[in-house]
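Please open the model in your viewer and keep the selection tool at hand.

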Amino acid sequence: MEPSEKRTIKLDKKTALFKAEHYCAYQERAQQEVRDKLYEFGLHSDEVEELISELISTNFLNEERFAQAYVSGKFSIKKWGKIKIKQALKLKKVPEKMILKALNKIDYDDYLKTILISAEKKSAQITEKDPYKRRNKLITHLMSKGFENNLIMEVLKSNNLY
C-alpha cells in the first residue's frame, strides 16, 4: 500500500460512533472532517449522515463552535488575517454565514494592532535598501498572512512604515 493512501477499516456503527465522539472530544471539528473520518471507517453515506446527526444532537459536533474556535486560534496564535482564515474555513466546508459570524467577533483594534506588530517584525527582517522594493516586500508579506490591502495601507501609513 502507498504511504499516501488512507487505510479503510470497516467498523460497525456503534464502534464508529464511539471513535467519532472521541475524535470530536479531543478538539473542535468541522462536520466535513468528521464525515471524512467516518468514511475512513468504511461506513456508507446513509450511516455517515446518521452518525453526524447523532453527534450534532449530543453536542459533540457543533459547526458554529468549531468556526469560533478556529477563528480565535488562527488569529490569536498564528496571527492570520481574516482573508486567510475565511479561505481555510471554506476548504473545511463551513457555511459562509457561520464564517462571517465568527470573523465578526475579532476586535477591530486588536486586528489593526496585529497587522502593525506583524509589519514591524517583518520590517526589521527585510534587508532590502530600495524603499520601493522594501515596501512591496512588506505589503506582500502582510497580504500572504491574509490581511486586507486597505487595512495594510492604513496601518503602514499611520505608523510611518510606508
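Which residues does Leu-142 touch, not counting residues up to four places away in sequence? Select Leu-142 and display its contacts (heavy atoms within 4.5 Å). Leu-142 touches Ile-115, Ser-118, Ala-119, Phe-147, Ile-152 and Leu-156.

Before continuing, please note that this is a predicted model, in which local features need pLDDT of at least 70 and side-chain atom pairs count only at pLDDT 80 or more, while totals for chains, interfaces and linings use all residues. Residues are numbered from 1 along each chain as its sequence is written, and side-chain values use heavy atoms, with hydrogens and water left out.

**The nonpolar cores**

Next, select Ile-85, Leu-89, Ile-115 and Leu-142, the residues with the most contacts inside the largest nonpolar core, which has 29 residues. A nonpolar core is a set of buried Ala, Val, Leu, Ile, Met, Phe, Trp, Tyr and Cys residues joined through side-chain atoms within 4.5 Å. Buried means under 20% relative accessible area, exposed over 50%, and partly exposed in between (1.4 Å probe, protein chains only). Helices H4 (63-76), H5 (82-91), H6 (96-103), H7 (108-125), H8 (131-144) and H9 (149-158) each supply at least two residues of this core. Helices here are DSSP runs (H or I, at least four residues), numbered from the N terminus. Because domain 2 (64-105) and domain 3 (108-159) both give residues to this core, it lies between them; the domain bounds come from an automatic or database assignment. Apart from it lies another core, of 14 residues, including Leu-17, Leu-38, Leu-43 and Leu-61.

Now select H9. Its residues Leu-151, Ile-152, Val-155 and Leu-156 are buried. They cover an arc of only 130° around the axis, so they are on the same side of H9; the arc is that of the directions from the helix axis to the C-beta atoms. What covers these buried residues includes H7 and H8. On the other side of H9, Asn-150, Lys-157 and Ser-158 are exposed.

**Salt bridges**

How many salt bridges does a search of the whole structure find? The search finds nine, a salt bridge being a side-chain nitrogen of Lys or Arg within 4 Å of a carboxyl oxygen of Asp or Glu. Select Lys-13 and Glu-50, whose closest N and O atoms are 2.5 Å apart. Lys-13 lies in helix H1 (residues 13-26) and Glu-50 in helix H3 (residues 45-57), so the pair ties together parts that are 37 residues apart in sequence. Finally, select Lys-37 and Glu-40, which meet in a salt bridge (3.7 Å, N to O). Both lie in helix H2 (residues 31-40), three residues apart, about one turn of the helix.
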